[in-house]
Amino acid sequence: MRVVSTVAALLVGVWSPLAFAGDDDIEDWDLEGLLQVVVTESDHERTTANAPASVTVLSHEDIALSGVASIPDLLRRVPGLQVVEVSPGNFVVAARGFGGLQDNNVLVLVDGGPMNTLADGSVRWSGLPMGLHQIDRIEVIRGPLSTLYGANASSAVVNIITDPSDPRPMAGVTFGGRSERLFERLIWASGGGGGDLLSWRVNVRGNDVRTTSNRQAGQRIGGLGTDVSMLFNPKGRWSGSARLAWTLDMRRGENAVVANRVHYVEPTTMLTAGTTYTVGTFVDSLSLEGGYVARQTSLLGEALTPTQDETQEAGGHATATLRLNLPAGGSVIAASGFGTDRVSAPYLPAGGDFFAHGHVRGTWAQPLGERWLVDAGYRVDNHVLTGTRGSWRSSVQLQFTEQTLFRVSGGSAYRRPSWIEAASRFRDPADNVILLEGEAELQPQRNTSIEAAMVYASSYGLAFRPTVFVGSFDSLISQDSSPFVFKSFHSVQSERWLDTVGVEVEASWERDTTFVPRMAFTAMHIADPVDTSQTVGVPEQNSRFTASASVRGEVGRVRYGVSADWMSARRFDTAVGLPVQRITTNIPAMARMGSEVHYTPGRDGIVSVGALAETNVPSTRQSPLPGAAPLGTRVMVTLMVRE
Amino acid sequence: MKRLFPLVVAVVLCLAGAPPRADVCMRVLLRAASFDRNLSDRVGAEATLLIAYNSRDAESMETLRSNQAERARLSGMRLGGADLKIVEVDLRTMVSWDEEIESHHPDAVLVLPGTDSWIPAIAEDAVRSGYFTLGHGHEPHGVAISVSLGADARPVVTVDRGVAEATGMDLSSQLLRLAVVR
């Protein structure tokens with residue numbers, strides 16, 4: 001009966017609201033996307049085929065016709081990524097078994113700006129300053145990338161690239177239900193205006209997840225975001241851009257995961273600006289770039305945990321980059337930057353922590369003859385939490401035939417402990433009791449991995465990319481802390497040279513736009529650490545298989561998409577909240593299926609309807625959290641219209 | 001399932017033998033042309049793209065046929081702030097190039113494969129008449145921007161900077177960074 005209900009749920013399908021953006025004005029098209037150039041992976045413009053690391057690009061069409069309702073759901077179809085919804089709307093995303101405290105395993109960027117919080121490094125996926133319908137593409141790079149993005153890009157980088165100049169109004173509503181009597185609604189609308197030089201955008205969204213049996217269990221999330229962008233691209237050698245984004249997230253938590261009957265108000269301000277001066281032939285260009293992020297979480301109510309209390313954090317940085325063109329097609333990028341961070345929270349020492357940090361990095365790419373290509377990069381970061389530490393990455397590629405390329409890449413990068421992980425002194429803000437005291441001696445979590453990949457790309461649009469990877473993890477070590485909160489905060493360092501081994505396979509076929517199939521498969525085994533209950537930031541699960549398949553296309557005025565993914569894990573451990581609660585769940589299998597149809601009745605308008613269904617086979621309920629993973633059956637329906 | 005397998009294989013082989021992604025080349029070309037900073041000043045109420053082909057050349061006709069759906073989709077979209085209008089001219093049967101230019105007043109001319117012998121004259125006329133030139137499917141010399149498909153089916157943009165400047169284009173560095181510049 002369970003199988004029957006599962007199949008029935010899969011067949012029901014869901015509808016999700018996404019717009020097919022920007023097609024009426026040719027200047028809105030993303031040329032980098034059309035040329036399949038990856039902007040995240042490398043200083044040196046590369047495509048998914050010849051990038052020196054494993055890259056998956058989800059195009060705007062892939063996203064718009066995916067049939068899913070959230071970005072983490074979309075990431076399930078990226079090989080090597082592990083996505084678990086620990087409670088409705090709260091996700092943990094990790095890559096290739098590299099785990100950490102809460103959701104701080106992967107560096108998440110929106111248009112190059114980091115979304116991970118300074119305090120605990122987590123990503124609030126529901127609070128990202130845009131909806132799926134406003135994303136141009138998502139680039140996911142797997143493996144250590146700290147030579148480009150710093151200490152926290154140790155396992156993967158997810159770069160979400162939006163189109164801030166798309167002002168067209170659109171609106172949608174999603175509603176549905178899950179097992180365990182959970183009901184959820186999502187309502188959103190967006191619009192904007194402006195021109196090429198200056199444009200603005202406004203988003204409003206509301207999300208409500210609650211049980212139908214007990215209205216006190218659940219959470220409401222509301223958000224308001226504004227985004228003002230200015231592109232500066234005059235005639236001549238100068239070009240540049242500036243962007244100011246402001247978001248306001250409001251959450252009413254009635255969920256044990258977050259807190260009990262509390263309201264949060266969280267405004268975030270992001271300012272980024274950059275300019276480039278094109279020089280000439282050998283010295284290609286000089287760029288200056290800076291950014292500032294400020295976020296404050298205010299609590300209106302009663303919290304269960306001190307970490308969710310009022311938190312203020314702000315960080316600014318500036319970077320100078322010099323680009324040189326070498327003979328025979330090589331290039332060198334040299335960059336240096338500095339920044340400051342400040343985190344203030346009731347559980348930290350009075351006045352908060354204020355730290356300066358800096359880095360120097362260089363990358364080199366050089367073709368050797370007609371067939372070989374070599375990449376190398378090194379970066380040194382200095383931060384008071386971790387001292388001076390280096391990261392490296394290198395790659396060798398052989399263009400074996402016109403259509404076949406082999407690559408071997410390796411790298412080593414570390415994840416800087418978050419303030420919560422590194423704090424040497426905690427106090428309970430309610431009664432001012434010291435919970436943890438002492439000087440922590442930190443050794444950051446490090447990921448050293450090697451991968452071998454083949455890329456086959458035919459002239460008829462068929463692409464096939466298998467990758468084999470092995471990795472070794474050094475766990476986060478924090479010693480000499482008084483074990484009050486973290487009873488076993490100390491960790492062990494892996495003594496094995498091999499902690500994880502896996503295979504990723506991607507295949508796609510884009511002959512034309514009428515029928516575009518793609519699939520992804522991952523099989524991974526992670527060596528069980530000595531004792532997961534004694535460690536923080538160790539690999540969290542010991543085996544996993546994921547598979548996804550999708551087809552999208554367009555026929556006349558109708559665009560369609562159908563996708564399905566499947567995941568199986570023998571065991572999954574995750575850490576939630578403070579004090580850390582380890583939740584162990586067994587998920588024998590989890591299957592999802594989504595579909596999406598867009599119809600363009602006129603030149604400008606688009607009507608979208610989508611459906612999504614997911615289920616566990618079978619569902620297990622070992623989690624103490626209401627609505628926490630694994631979820632049972634879920635069915636959602638979405639309607640969307642765009643001008 | 002075993003009975004369906006040959007059918008599935010046959011369908012896959014038929015699809016695999018179809019011409020490669022001409023629609024992508026069209027999109028790339030027009031998007032690349034939109035990086036011309038003088039484009040909005042150049043076009044009027046309509047942005048006219050004239051596609052020049054050779055009806056006696058099999059590759060030219062195959063490219064034209066494979067672009068048919070994409071051309072219909074592109075007509076009416078906006079390029080340089082004006083509505084895009086696409087017209088086709090058979091170089092083999094036309095009375096004269098000057099008459100075609102006088103008749104259509106193109107802002108851009110796209111030459112398909114099989115038209116190499118006409119390209120020098122078109123390039124010369126482009127400077128005189130004030131339109132810019134695009135090339136599709138190969139890398140013809142004498143056009144400002146051309147797109148070809150690499151062995152991995154990825155479009156490659158080639159910019160002839162001299163021709164582009166001679167026809168009044170001022171191409172953004174955003175395009176030049178992504179293109180092969182001659």
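These legends describe close-up views of a predicted model. Local features need pLDDT of at least 70, side-chain atom pairs count only at pLDDT 80 or more, and totals for chains, interfaces and linings use all residues. Residues are numbered from 1 along each chain as its sequence is written, and chains are lettered from A and ligands numbered from 1 in the order in which they are written.

**View 1. A:Arg142 in strand 8 of chain A.** Strand 8 spans residues 135-142; strands (E, at least two residues) are DSSP runs, numbered from the N terminus. A:Arg142 is buried because it has 26 C-beta neighbours inside 10 Å; the cut-off is 20 or more other C-beta atoms within 10 Å, with C-beta atoms placed from the backbone. Not counting residues up to four places away in sequence, A:Arg142 touches A:Ala53, A:Ser54, A:Gly80, A:Ala95, A:Arg96 and A:Ala156. Contact requires C-beta atoms, placed from the backbone, within 7 Å.

**View 2. The open sheet of chain B.** Eight strands run in the order 2-3-1-4-5-6-7-8, with mixed pairing. Two strands pair if DSSP finds at least two bridges between them. Strand 2 (78-79) and strand 8 (180-181) are the edges, each pairing on one side only. B:His136 has B:Val147 of strand 6 as its bridge partner.

**View 3. Around B:Leu29.** Leaving aside neighbours within four places in sequence, B:Leu29 is in contact with B:Leu110, B:Leu134, B:His136, B:Ile145 and B:Val147.

Methods
Helices (H or I, at least four residues) and strands (E, at least two) are DSSP runs, numbered from the N terminus. A residue is buried if 20 or more other C-beta atoms lie within 10 Å of its own, exposed if 12 or fewer, and partly exposed in between; C-beta atoms are placed from the backbone. Two residues are in contact if their C-beta atoms, placed from the backbone, lie within 7 Å.
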